[in-house]
Structures are given as C-alpha cells and as structure tokens.
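Colleague: I am new to this model. Could you take me through how to read it?

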Amino acid sequence: QVQLVESGGGLVQAGGSLRLSCAASGSILGISAMGWYRQAPGKQRNLVASINTGGATTYAGSVKGRFTISRDNAKNTVYLQMNSLKPEDTAVYYCNAYIRTTGWDNYWGQGTQVTVSS
C-alpha cells in the first residue's frame with residue numbers, strides 16, 4: 001500500500017508565496033518521475049511541473065519563472081515552491097508519482113486547495 005500525503009496549501013494574497021510538500025510512504029522499492037498537477041473548478045487536470053530522478057524539470061508555461069519543483073529522494077518527498085502567485089493559480093493541487101512496489105504504478109495524492117485572492 002502506497003500513500004502520497006500533501007501539505008502546504010491555503011489562502012494567500014496575490015503576489016504571495018506558498019510551498020507544497022508531498023511525501024510518499026509504504027512498501028516503496030523505487031520512485032521514478034514525481035510531479036504536481038492542478039485542477040480548477042470546471043476545468044481539466046493539467047500538469048504544473050515534474051521532476052525525474054536525475055533532477056531534470058519540466059514546467060507549464062504559465063508557471064515558468066514563478067514556481068520551482070524539487071525533490072528529496074532520501075525522504076521520498078517532492079516540493080513545489082510557488083512565488084508571485086496570481087488569482088488564476090487558484091486550484092486543487094495534486095501530487096503524482098510513478099512508484100515501484102511489486103511493479104510500477106502511477107499514484108495520486110488526495111489534493112490540497114490553493115486559493116489566491118486578488
């Protein structure tokens with residue numbers, strides 16, 4: 001059984017910052033790519049940022065230069081530092097990871113709400 005537990009969401013004013021964390025736990029033999037997605041009301045879930053085991057990163061164009069993804073492999077944890085937040089960043093943010101237990105599977109966290117007020 002694998003769990004991804006997110007923390008760090010909340011309410012912030014435009015221009016502010018938040019840091020999201022996501023820790024994976026359970027019978028984990030390995031973790032490949034980790035990432036953050038977000039879903040605003042009435043919209044589809046989209047990739048925000050991802051990071052592979054070597055530290056290579058990918059960002060959505062709308063967050064490039066404002067958000068930074070990082071990971072601590074020893075702690076099975078991925079982070080998302082969000083700066084210069086805008087109202088359009090408001091969404092539920094989901095952690096995602098490709099994890100090996102008996103085989104490789106894709107796992108999701110429960111989601112954490114980020115609300116940016118104008």
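Modeller: We will go through a sheet, a disulfide, a core and one serine.

Modeller: First, the ground rules. This is a predicted model, where local features need pLDDT of at least 70, side-chain atom pairs count only at pLDDT 80 or more, and totals for chains, interfaces and linings use all residues. Residues are numbered from 1 along each chain as its sequence is written, and side-chain values use heavy atoms, with hydrogens and water left out.

Colleague: How do strands of a sheet pair?

Modeller: They pair through backbone hydrogen bonds, either parallel or antiparallel. Strands here are DSSP runs of E, at least two residues, numbered from the N terminus. Two strands pair if DSSP finds at least two bridges between them. In this model, an open sheet of four strands runs β1-β3-β8-β7, with antiparallel pairing.

Colleague: Which are the edge strands?

Modeller: β1 (2-7) and β7 (67-72); each pairs on one side only. On average, neighbouring strands of this sheet are turned by 15° against each other, direction ignored. That angle is taken between N-to-C directions, from 0 to 180 degrees, with axes fitted to C-alpha atoms. β7 pairs with β8 (residues 77-82) over six bridges, in the antiparallel sense. Serine 70 has tyrosine 79 in β8 as its bridge partner.

Colleague: How many disulfides does the structure hold?

Modeller: A disulfide is a pair of cysteine sulfur atoms within 2.5 Å. The structure holds one. Cysteine 22 and cysteine 95 form it, with sulfur atoms 2.1 Å apart. The link is left-handed, with -80° about the S-S bond. It joins distant parts of the chain: cysteine 22 in β3 (residues 18-26) and cysteine 95 in β9 (residues 91-100), 73 residues apart.

Colleague: Is cysteine 22 buried or exposed?

Modeller: Buried means under 20% relative accessible area, exposed over 50%, partly exposed in between (1.4 Å probe, protein chains only). Cysteine 22 has 0% relative accessibility, so it counts as buried. Cysteine 95 is also at 0%, so it counts as buried.

Colleague: Which residues touch the most other members of the largest nonpolar core?

Modeller: Such a core is a set of buried Ala, Val, Leu, Ile, Met, Phe, Trp, Tyr and Cys residues joined through side-chain atoms within 4.5 Å. Here the largest has 30 residues, and Trp36, Leu80, Met82, Tyr93 and Ile99 touch the most other members. β9 gives the largest share, five residues.

Colleague: And where is serine 21?

Modeller: Serine 21 is in strand β3. It counts as buried because its relative accessibility is 17%. Its contacts (heavy atoms within 4.5 Å) beyond four places in sequence are Val5, Glu6, Ser7, Trp36, Val78 and Tyr79.
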